[in-house]
Amino acid sequence: MKRGAGILLSITSLPSKYGIGCFSKSAYEFADWLSEAGQSYWQILPLGPTSYGDSPYQSFSTYAGNPYFISLEDLVEEGVLTEEECDGADFGEDETDIDYKKIYESRYPLLRLAYQRSNISQCREYHDFVWNNGWWLNDYALFMAVKDRFGGAPWTEWAEDIRLRWNNAMDYYRRELYFEIEFHQYLQYTFYKQWNQLKAYANSKGIKLIGDIPIYVAMDSADAWAHPELFQLDEDNVPVAVAGCPPDGFAADGQLWGNPLYRWDYHRETGYQWWIDRLRHCFLQYDVVRIDHFRGFDEYYSIPYGAETARDGHWEKGPGLDLFLKVREALGEKEVIAEDLGYVTDSVRQLVRDSGFPGMKVLEFAFDSRDTGCANDYLPHNYESNCVAYTGTHDNETAAGWLKSITDEEKAMLRDYLCDNYTPEKLLYKSMIALIMRSRADLCIIPLQDYLGYGNEARINRPSTVGTNWRWRIGKEELTEELKEEIRDTARKYGRLI
């Protein structure tokens with residue numbers, strides 16, 4: 001990985017006409033803007049279809065794309081929708097916010113209308129897509145069609161015959177829901193056609209796309225329903241244990257995520273084929289893959305199913321380096337970022353080193369009054385070149401918001417480290433950006449909110465909360481020439497210009 005810089009911005013946060021960021025003209029304009037700002041990377045959040053809570057880290061599929069990202073403008077150009085139909089839908093009135101309820105209620109009827117007019121069954125490219133992706137698409141499309149038939153209920157609450165995938169039930173629903181299945185296949189064909197065009201355009205501008213994949217899949221997913229053998233489920237496909245993390249200074253009861261845990265002995269016996277297939281698919285989607293919760297490959301936290309908190313969990317050994325050796329053997333050298341944040345043990349550090357993947361450094365973690373040692377891994381003078389440095393991530397406060405929330409002691413620690421007692425607090429976020437940009441880290445990724453100096457009103461996620469996350473959007477007028485030149489000058493100044 002060469003010395004460079006990039007920006008973190010979720011697709012959902014892009015400017016757009018119809019309620020949520022998508023693969024519309026604004027996405028192409030943002031790629032242009034990034035290139036002109038001297039950036040070489042655009043990091044996004046997971047692209048999968050979201051379920052309850054709208055989190056991209058809890059998806060109905062590890063392979064499918066989110067239909068919300070399909071550009072309605074492109075469908076108007078194709079002639080399967082009209083501008084009047086799109087303009088007449090209610091996507092919410094606040095252009096800086098995403099109203100997911102209205103998006104769900106308005107987008108799907110339009111997408112269904114586009115499908116009905118598409119004559120997709122006569123499209124050769126569509127049939128090629130279905131054939132080439134049938135290994136995951138067939139289960140996913142059936143899963144979504146049956147989920148709709150059962151009123152959106154999780155698959156664990158479906159009738160026993162289809163919940164356990166009895167052959168007669170599978171045949172019945174494939175016949176009964178033929179057009180619903182085709183509708184979901186059409187959505188995936190359209191999603192991938194538009195995404196591949198956007199990625200190719202960004203690449204042509206010198207921008208690499210950094211994708212993000214969760215280590216775990218959601219329990220209510222096509223993956224868990226179609227392949228229960230991969231997970232720690234009993235004979236009735238009920239989880240034995242689920243994922244989370246232990247109590248710490250931020251969460252007294254720990255975090256109970258509820259994802260099914262992997263049956264690592266099975267994965268080992270099959271040569272990690274599911275993981276190889278998953279990552280092969282990811283590298284068709286992205287240029288670089290960030291793997292969330294990388295420490296779970298060393299040790300994972302196992303919580304008994306049915307527990308109300310994470311307090312009764314315990315640590316189990318993960319697959320370790322063996323998994324990544326098999327992946328490298330099958331796929332060759334690929335660019336991966338290991339999300340090694342949180343409680344990191346010596347064995348996790350060793351796994352990251354042995355893998356050769358760059359880890360992550362988050363500047364906001366460096367100035368904790370409970371950790372005053374100069375050996376703090378997050379202080380920039382301790383960065384090695386093989387790492388990716390951030391002011392903060394999607395899970396953190398914005399830099400400006402963080403500056404307002406920390407203690408006076410922690411502000412003093414930051415100023416002492418910067419040797420700066422004069423910069424006004426409202427501009428200190430710029431000093432934070434400059435601090436990591438001049439570090440040894442090969443790559444620096446800055447959330448766009450931090451370049452803008454926005455406070456926590458622009459924060460995109462507060463972990464362990466539901467209902468207010470993943471909603472922030474930027475207006476087109478905020479992507480100014482002045483900001484672009486400032487970002488470009490920062491990249492130039494610290495040797496990170498394209």
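Gln232 lies in the loop between α9 (222-226) and β4 (241-245). The model used in these exercises is predicted.

**Exercise 1.** Determine whether Gln232 is buried or exposed, and describe its surroundings.

*Solution.* Step one concerns accessibility. The relative accessible area of Gln232 is 17%. Buried means under 20%, so Gln232 counts as buried.

The side chain of Gln232 reaches the backbone oxygen of Tyr262 at 3.0 Å.

Step three lists the contacts. Leaving aside residues up to four places away in sequence, Gln232 touches Val238, Pro239, Val240, Ala241, Leu261, Tyr262, Arg263 and Tyr300.

**Exercise 2.** State how many cavities of 30 Å³ or more the structure holds, and characterise the largest cavity.

*Solution.* Begin with the count: there are 4 such cavities. Finally, sort the lining by class: 12 residues are nonpolar, 6 polar and 3 charged.

**Exercise 3.** Describe the volume and lining of the second largest cavity.

*Solution.* Start with the volume, which is about 140 Å³. Then turn to the 16 lining residues, of which Thr393, His394, Pro447, Gln449 and Ile460 are closest to the centre. Last, the classes are 6 nonpolar, 7 polar and 3 charged residues.

Definitions and conventions:
Residues numbered from 1 in each chain as written. Predicted model: local features only at pLDDT ≥ 70, side-chain atom pairs only at ≥ 80, totals over all residues. Heavy atoms only, no water. 1 Å grid on protein atoms, 1.4 Å probe; cavity = no way out; pocket = protein on both sides within 12 Å on 5 of 7 lines; lining within 4 Å. Points joined across faces, edges and corners; volume = space filled by probe spheres on them. Nonpolar A, V, L, I, M, F, W, Y, C, P; charged D, E, K, R; others polar. Helix = DSSP H or I, 4+ residues; strand = E, 2+ residues; numbered from the N terminus. Buried < 20%, exposed > 50% of the residue type's maximum accessible area, 1.4 Å probe, protein only. Polar contact = N/O pair within 3.5 Å; in protein donor to acceptor, adjacent residues only side chain to side chain. Contact = heavy atoms within 4.5 Å.
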